Amino acid sequence: MNSTTQQKSLLTQAMNLCKQRKANLTPQRLEVLRLIVQQQRAISAYDLLDKLRIAKPQAKPPTVYRALDFLLAQGLIHRVESTNSYVLCHHFLEPAHTSVLFICDCCGSVIEHPTTDIKQILLELAKQDGFVLRHSVVEVDGLCSSCADHRMVTNSSAAVG
Ligand SMILES: [Zn+2]
Ligand SMILES: [Zn+2]
């Protein structure tokens, strides 16, 4: 999904953003972000630790969790609650966006789709409770287009056969 050039420019944007905010994107945190940027799917903290250990065998779970907390606080990544994993936010330059995450049950791919309609509904609901929204994410599971196509092909060939 992200070419090497795209990955580099995403990382540069993230570095600039942190610099502007005077947030300390340490080499360790940058490395965790780099690993997340390389993934096509959401990745769990344990898988991140495994990858981090290839370059830094002494890395421990708290290293990864601290880096993830920082990246979440900066809005650079999203936590996918339903699968307890992490995915790059493709809209981190818009700090208060509302997104729908479409998570494929079949291949695990995650598509982030920013939306203003849902945000409007959430804002109205929140207003009723005097609640101040920050960064909201709606997660929806299902099948991505290629898995849905594949399933349709399988079903129709089964029906014919
Ligand atoms: Zn996002
Ligand atoms: Zn899929």
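Student: What share of the contacts in the protein with a separation of 6 or more comes from residues 24 or more positions apart?

Tutor: In this predicted model, such residues account for 51% of those contacts. A contact here means heavy atoms within 4.5 Å.

Student: And what is the protein built from?

Tutor: There are six helices and five strands, and along the sequence they follow the pattern α-α-α-α-β-β-β-β-α-β-α. The C-alpha atoms fill a box of roughly 60 × 50 × 30 Å along the principal axes.

Student: Let's turn to the metal. Which residues are the protein donors of the zinc ion (ligand 2)?

Tutor: They are Cys104, Cys107, Cys144 and Cys147, each through its SG atom, lying 2.3 to 2.4 Å from the zinc ion.

Student: Why is the arrangement around the zinc ion (ligand 2) called tetrahedral?

Tutor: Four donors count as tetrahedral if all angles lie between 85 and 135 degrees. Around this zinc ion the angles are 103 to 115 degrees, so the arrangement is tetrahedral.

Student: How are the donors of the zinc ion (ligand 2) spaced along the chain?

Tutor: The spacing is C-x2-C-x36-C-x2-C. Cys104 belongs to strand 3 (residues 99-104), while Cys144 sits in the loop between strand 5 (137-142) and helix 6 (145-160), so this pair ties together parts that are 40 residues apart in sequence.

Student: How do you know whether Cys104 and Cys144 are buried or exposed?

Tutor: Buried means under 20% relative accessible area. Cys104 has 4%, so Cys104 is buried. Cys144 has 11%, so Cys144 is buried too.

Student: Why is Leu72 called partly exposed?

Tutor: Partly exposed lies between the buried limit of 20% and the exposed limit of 50%. Leu72, in helix 4, has 27%, so Leu72 counts as partly exposed. With residues up to four places away in sequence again left out, Leu72 touches Ile77, His78, Arg79 and Tyr86. Leu72 and Tyr86 are 14 residues apart in sequence and 9.1 Å apart in space, C-alpha to C-alpha.

Student: How do you know whether helix 2 and helix 4 are roughly parallel or roughly perpendicular?

Tutor: The axes of helix 2 (residues 27-38) and helix 4 cross at roughly 80 degrees and come within 9 Å. Angles of 65 to 115 degrees count as roughly perpendicular, so helix 2 and helix 4 are roughly perpendicular to each other. Where they meet, helix 2 brings residues including Val32, Leu33 and Ile36, and helix 4 brings residues including Ala67, Leu68 and Leu71.

Student: What makes strand 3 and strand 4 a pair?

Tutor: A pair needs at least two bridges. Strand 3 and strand 4 are joined by five bridges and run antiparallel, so they count as a pair. Leu101 stands opposite Glu112 in strand 4.

Conventions. Residues are numbered from 1 along each chain as its sequence is written. Chains are lettered from A and ligands numbered from 1 in the order in which they are written. This is a predicted model: local features need pLDDT of at least 70, side-chain atom pairs count only at pLDDT 80 or more; totals for chains, interfaces and linings use all residues. Side-chain values use heavy atoms; hydrogens and water are left out. Donors are N, O and S atoms within 2.8 Å of the metal (3.2 Å for Na, K and Ca); water is not among the atoms, so sites may look incomplete. Four donors count as tetrahedral if all angles lie between 85 and 135 degrees; four count as square planar and six as octahedral if opposite donors are over 155 degrees apart and all others between 65 and 115; anything else is irregular. Helices (H or I, at least four residues) and strands (E, at least two) are DSSP runs, numbered from the N terminus. Buried means under 20% relative accessible area, exposed over 50%, partly exposed in between (1.4 Å probe, protein chains only). Axes are lines fitted to C-alpha atoms, for helices over the stretch in contact, and angles run from 0 to 180 degrees between N-to-C directions. Angles under 35 degrees count as roughly parallel, over 145 as roughly antiparallel, 65 to 115 as roughly perpendicular and the rest as oblique.
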